[in-house]
Amino acid sequence: MAKGKETAFFCKECGYESSKWMGQCPACKQWNTMVEEPVAKSLPSMKASAKKASAFSSGRSKAVPSLLSEISVDEQDRMGTGFGELDRVLGSGVVAGSLVLVGGDPGIGKSTLLLQVCRNLAADGKQVLYISGEESLKQIKLRADRIGTVRGELRFLCETDLEIVQGVIQERKPDVVVIDSIQTMYREDISSAPGSVSQVRESTNVLMQLAKGLGIAIFLVGHVTKEGVVAGPRVLEHMVDTVLYFEGERTAAYRILRGVKNRFGSTNEIGVFEMREEGLCEVENPSEFLLSGRPEDASGAVVACLMEGTRSILLEVQALVTESNFGMARRTAAGADYNRINLLMAVLEKRCRYDLGRFDAYVNVAGGLKMNEPAMDLAIILALISSYKDKPVDPSTVIFGEVGLAGEVRAVSMAEQRVREARKLGFTTCVLPKLCLAKMKAVEGIRLIGVANVREAIGAVV
């Protein structure tokens, strides 16, 4: 090891630093997350911090605290991205001075989406800087030609040295910066390889200071691990203001943009996009495409109405119940919680006396969405019973409600908004919890059936 260098152990989950290896991280209590990386004994960043501290103590630089009444928040602080779906997930647009992390599987469309956002912002008169550490300028131009004509102040830079990137940002002071990706950035004063825990943490810290100090909105593209989380220390997600995940299969046409952290808005919103030859296009009515291609007169298929933030989404829940050929029945769930499926089937066996222990059960949420809202419980149960009895459910019926362990159907939020969305798409019957029916107004053109337990729901539908 070179003189002046030493190694330290970092936790991949939380970034905890230790001088020796430990099986369990003392900070986040995770096992086998400590990795050894070389670090410098004396970092310039530490010297810079000491200089700032001495300057503060000498009175040359003072921080002045402000009253809450003295702080003004204007709508001008938010910038529209040109995508209504993305603006909804971000909370009405991009906030100046924010740090946004966008993660997703390789090839899902992260770079394409951000390049389209940069094009829209530049056309709106904003100064945008796109910094790529993975592609050459020629590769970016080929992708830009595919998504359309670029107008305005949109500049590109291919660089991985963070000091050079920092100098360019401070010199030009753009309104928006895109870093593609954070795992390719490195600092020379840190001897570990790009993408390591130390490099990612320090690089993000520098970019965060640039965003807050200069009022620049910075987007970071993050690679994901096989578990589906952003690679690097978990502290990376704590440092940024917003964390967005791009979900979906690369072979499928539709993508889901989901916010899992947002300091400027709700974390329950989702945006739906369709991948086309000219790039990503937003889907303003997800229910319409999720219900397209529904089977006619097929058992085990029902329509549920769920809420994602302020948006009502209608989707198809499919179930297949067939007699098992093995000693132990199989349970499979796609788009729904596997443990929740087992719980609901246990409720059917105990409360309704259905012998499902010798039947295989497969549950699928059509369209590739992953939904965990409890309001989908009643739709799953009725889909299972429909397939078990081989009796189709009326295709003009929509179902929602939470199911408890006693077999009761519990109330859910925003019932009237769900019913109105179903009516708008042409559904004529809605099965919902009786408690919701007692508190909401009648909706013209749709028949409402309130149920208090699972038995009543099965009797009314199947």
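Which side chains meet in a salt bridge at 2.7 Å, N to O? Those of R311 and E85 do. The legends below take this pair and other sites in turn.

This is a predicted model, in which local features need pLDDT of at least 70, side-chain atom pairs count only at pLDDT 80 or more, and totals for chains, interfaces and linings use all residues. Residues are numbered from 1 along each chain as its sequence is written, and side-chain values use heavy atoms, with hydrogens and water left out.

**View 1. The salt bridge of R311 and E85.** The gap between the two side chains is 2.7 Å, N to O. A salt bridge is a side-chain nitrogen of Lys or Arg within 4 Å of a carboxyl oxygen of Asp or Glu. The pair links distant parts of the chain: R311 is in strand 16 (residues 311–323) and E85 in helix 2 (residues 84–90), 226 residues apart. Helices (H or I, at least four residues) and strands (E, at least two) are DSSP runs, numbered from the N terminus. R311 is buried, at 8% relative accessibility. E85 is buried too, at 2%. Buried means under 20% relative accessible area, exposed over 50%, and partly exposed in between (1.4 Å probe, protein chains only).

View 2. K141 and D145 meet at 3.9 Å, N to O. They are four residues apart in helix 4 (residues 137–147), so about one helical turn separates them. K141 is exposed, with a relative accessible area of 53%. In the other bridge, the closest N and O atoms of E153 and R155 are 3.4 Å apart. E153 is partly exposed at 40%, and R155 is partly exposed at 40%. Elsewhere, salt bridges that share partners join E85, R88 and R311 into one network. The whole structure has 20 salt bridges.

**View 3. Aromatic pairs.** Five aromatic pairs are found in the structure. In one of them, the ring centres of F246 and F273 are 6.1 Å apart and the planes stand at 70°, so the pair is edge-to-face. Rings of Phe, Tyr and Trp (its six-membered ring) pair if their centres lie within 6.5 Å; planes under 30 degrees apart count as stacked, over 60 as edge-to-face and the rest as tilted. F246 lies in strand 11 (residues 242–247) and F273 in strand 13 (residues 270–276), 27 residues apart. F246 is buried at 3% relative accessibility, and F273 is buried at 0%. Ring pairs link F83, F246 and F273 into a cluster.

**View 4. The pair of F359 and Y388.** The ring centres of F359 and Y388 are 5.3 Å apart with planes at 80°, so this pair is edge-to-face. F359 belongs to strand 18 (residues 359–365) and Y388 to helix 10 (residues 377–389), 29 residues apart. F359 is buried at 11% relative accessibility, whereas Y388 is partly exposed at 28%.

**View 5. The loop residue G215.** G215 sits in the loop between helix 6 (197–214) and strand 10 (217–222). At 37% relative accessibility, G215 is partly exposed. Not counting residues up to four places away in sequence, G215 touches A96, G97 and L210; contact means heavy atoms within 4.5 Å. The C-alpha atoms of G215 and R258 are separated by 25 Å, and the two residues are 43 apart along the chain.
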